[in-house]
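Student: I'd like to learn how to read a structure like this one. Could we go through it together?

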Amino acid sequence: MDYTAAQSGFRQQHNMRLRNSSVDRPDGSQLFDDTSAAVPGPEGAYRNQQAGPQAEGLPGHSFLSDPMSNLAVAYGSSLASQGREMVDKNLDRFIPISKLKYYFAVDTVYVGKKLGILVFPYMHKNWEVNYQQDIPVAPRFDVNAPDLYIPTMGFITYILVAGLALGTQNRFSPELLGVQASSALVWLIMEVLAVLLSLYLVTVNTDLTTIDLLAFSGYKYVGMIVGIVAGLLFGRPAYYLSLLWCCAAIFVFMIRTLRLKLLSEAAAEGKLVRGTRNQLRMYLTMSIAAAQPIFMYWLTYHLIR
Amino acid sequence: MRITDERERRPPEHIFPPSATVLCVIAILCINAVAVLHEERFLSKIGWGVDQSVGGFGDEPGIKVQLMNLIRSVRTVMRVPLIGVNSVCIVLLLLFG
């Protein structure tokens, strides 16, 4: 009776019967017998229940000793690994996972320094990205390298702070969090697309990748969060002051970073280079940098009362 | 008098920046606008046809040439997907307003 119940797979009933049978046994140490034998099904299955779902490793389970179930388990696991390989391969085609890992190779010191530069970029002297045999160095080793950790964390924190700000004005509802999140995300994507379009139109030969642009556009969330928190703590004048400071900081940061990437060598060093091409590139850098404060104000002013 | 001044100075309560759906509709409308520009009847008339873009062979394509190429490629690539996207958009707007 025990065996048929076990093989039917109805575990709870099986367990009840196991507990009853173990109480009935005079020798409790039989529960911890060697389970290499295939016969003592109830004890093996009971230990399986105790030890957790490790069905494959422990031999002697009544519902696994059946060769059909063995086949089924092996087939299922091979299907699962095949599916996982296929997902990995296809996902790698659309989202370059290995490249993304580079952008998350950060550590605490880098994050601290970068946040400092984002809020106060006026003392930073050397803005060049170090290269190592044509590959840009990981952000952990170079403060000027763009990363995706700060933008991601900034985005999530922005949504949370926006929810907090709405809550203090009794305007909060859970759907609004989702609305804010999707709205900010789509604005970010639109901005990156607009920058890509303008880079294509001006035919700039640059090694800025799309993810780099995403990182640069995401850095403004830091300033937005500072502005909103100041506005929450100290009122509207503090919001305007801190937003002004952060807007100026992001403007200077973007200009100094993009200048090295977009402009030609001579113009980047500050010499005046004539010619429509360099002028156009200068205007492009200015407009990308000027778009950041506009977005910072546009996405935060509705949160401050 | 003071109370009305306070209310005028604050931004109205319902002002949020456009939501994600509105932005997507804006994008779809813009791409539609680019896709309906006709090559012969309109673009050539104002000197923006692609046959007029083969210019200098220097390293400077210039913004106008880039724009013309962009318009042409958007029209070629997006014609068919726009049918599907527009249909989905129409159905969703009818159902959910």
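Tutor: Let's begin with the largest cavity: Lys114(A), Ile117(A), Trp127(A), Val143(A), Asn144(A), Phe253(A) and Thr257(A) line it. This is a predicted model, where local features need pLDDT of at least 70 and side-chain atom pairs pLDDT 80 or more, while totals for chains, interfaces and linings use all residues. Residues are numbered from 1 along each chain, chains are lettered from A and ligands numbered from 1 as written, and side-chain values use heavy atoms, without hydrogens or water.

Student: Which helices each supply at least two residues of that lining?

Tutor: Helix H6 (108-119) and helix H11 (236-262) of chain A do. Helices here are DSSP runs (H or I, at least four residues), numbered from the N terminus. On a 1 Å grid over the protein atoms alone, a cavity is a set of points where a 1.4 Å probe fits but cannot get out; a pocket is an open set with protein on both sides within 12 Å along at least five of seven lines; lining residues have an atom within 4 Å of a point.

Student: What is the volume of the largest cavity?

Tutor: About 50 Å³, and the structure holds six cavities of 30 Å³ or more. A volume is the space filled by probe spheres set on the grid points. The lining of the largest cavity has four nonpolar residues, two polar and one charged. Ala, Val, Leu, Ile, Met, Phe, Trp, Tyr, Cys and Pro count as nonpolar, Asp, Glu, Lys and Arg as charged, and the others, Gly among them, as polar.

Student: And how much space lies in the largest pocket?

Tutor: About 740 Å³. It has 22 lining residues, and Leu193(A), Leu197(A), Cys30(B), Ile31(B) and Val74(B) are the closest to its centre. H8(A) gives the largest share, nine residues, while helix H2 (20-35) and helix H4 (62-96) of chain B each supply at least two. The pocket lining divides into 21 nonpolar, one polar and no charged.
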